[in-house]
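Please look through the structure shown below with this report beside it.

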Amino acid sequence: MRNLPELVSAVQHNCDVSDARHAGEYGLCTFLLKMREYYRWENELPFSRALPKDAVGEWLAARERQWGGLETEPFRPLPIPGGALDPLDGGAVNAALGAQGLVYSAGYGQFRKPVFFLGKLLRAESREGFTILVSSCEYARELAAPPAMLQGRTIFIRLESVRRFLWEKIEDGKWRKRGSAMARALDGYDFAANPESALARMAECEMESMILHELGEARAGERLGAAWRDMTAALSRPRSELVARAVRDLIADCLSTLPVLLARRNHPALHFYFATFDGLRRELFPDALAAYAAYAESGTLEALETLVREGATRWLEVAQSVLATTPAAREGALEMLLAARPARTAPIH
């Protein structure tokens, strides 16, 4: 593409504007972790290389100063052959860029943060009426960099971000004792023998899990209708939005991700799923931990299969019960789901 540098510059500007407006919404630890990996991406550093502490600190301070002058800047139209396009019209931009071997995504992430990225198109496929676009090299991105995203009837999978996500989880799990869910997952990919090739195999496998999850998100959306989407967009308290997203994630995984992983007997992917089963999903659904523990101890899948069958019905009913309340009561109903959870959940082994 003749004007690729201009396009990259425009997309990166829009990414920077989004970050300037929304970076303060992250908790401090999350923000610092994301910034470290953003520095690694921007400087094209391998995962295995330790980051230079002083250089990262100077870069972070400079980036925050840059953001200070961008908060009120508008998003730039994208310079596409044939005419500039609205950066939030991802469908039109992709239609124009597909023949150029590029993939572009624009949508709204957590807390309605605009999320943009531009990358090299690795492959495209169709499944269950959805188009799946897999990118490799990322030319422009912002702080969030979700590895998978559903936009309309298109699922975007970002291989570079998948690998970064996996590496972060692996690094975070190094302290966990032998026999943990993360250790079992890493054994399944034979990380001890060759970490680089193991990461490549793991990324391919976990991309499939992410596709299954996004297909599950679509099925959940079909079951819940526009009312759930509209409710989530209207929530004013961040905690309520996080609970709503966690409930929909549980529905998606009980409808799609876990049933397929179980049917395929994909044990490494099952172990990784539960190694990363954290946050509000873990708080809302501690029964999943007991079912996983039974599977890990016995090697049989019956407890997980029962959990998934019952979980799909359970979480759809939970979501529908929230929608049955008045709009003014829905945030309280969502937060009551956490208040009703057991006081303490067991660790995953």
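In this predicted model, helix α4, made of residues 90-97, lies across the strands β1, β2, β3 and β5 (154-158), and its direction is at about 180 degrees to that of β1.

The sheet itself is open and has five strands, which follow one another in the order β1-β2-β3-β5-β4 with mixed pairing. Its edges are formed by β1 (102-108) and β4 (148-151), each of which pairs on one side only. With direction ignored, neighbouring strands of the sheet are turned against each other by 40 degrees on average. Within the sheet, β2 and β3 run antiparallel and are joined by eight bridges, and R127 has F130 in β3 as its bridge partner.

**Two helix pairs**

Two packed helices are described by the angle between their axes and by the distance between those axes. The table gives these values for two pairs in the model.

| Helix pair | Angle between axes | Distance between axes |
|---|---|---|
| α5 (residues 159-172) and α7 (residues 195-224) | about 105 degrees | 9 Å |
| α2 (residues 28-42) and α3 (residues 53-68) | roughly 100 degrees | within 11 Å |

Angles from 65 to 115 degrees count as roughly perpendicular, and with an angle of about 105 degrees α5 is therefore roughly perpendicular to α7. On the side of α5, the residues that meet α7 are L159, V162, R163, F165, L166, W167 and I170, and their counterparts in α7 are L199, A200, M202, A203, E206, M207 and M210. Sorted by class, the residues of this contact of α5 with α7 are 12 nonpolar, no polar and two charged.

The axes of α2 and α3 cross at roughly 100 degrees, so these two helices are also roughly perpendicular to each other. Here F31, L32, M35, Y38, Y39 and E42 from α2 meet A55, V56, W59, L60, R63, E64 and W67 from α3. The contact of α2 with α3 holds 10 nonpolar and three charged residues, and no polar ones.

**Two residues with positive phi**

Where does E44 lie? E44 is found in the loop between α2 and α3, and its phi is near 55 degrees, which is a positive value in a residue other than glycine. With a relative accessible area of 70%, E44 is exposed.

E128, for its part, is placed in the loop between β2 (114-127) and β3 (130-140). Phi of E128 is near 55 degrees, again a positive value in a residue other than glycine, while a relative accessible area of 46% makes E128 partly exposed.

Conventions
Residues numbered from 1 in each chain as written. Predicted model: local features only at pLDDT ≥ 70, side-chain atom pairs only at ≥ 80, totals over all residues. Heavy atoms only, no water. Axes fitted to C-alpha atoms, helices over the stretch in contact; angles between N-to-C directions. Helix = DSSP H or I, 4+ residues; strand = E, 2+ residues; numbered from the N terminus. Parallel < 35°, antiparallel > 145°, perpendicular 65-115°, else oblique. Contact = heavy atoms within 4.5 Å. Nonpolar A, V, L, I, M, F, W, Y, C, P; charged D, E, K, R; others polar. Buried < 20%, exposed > 50% of the residue type's maximum accessible area, 1.4 Å probe, protein only. Pairing = 2+ DSSP bridges.
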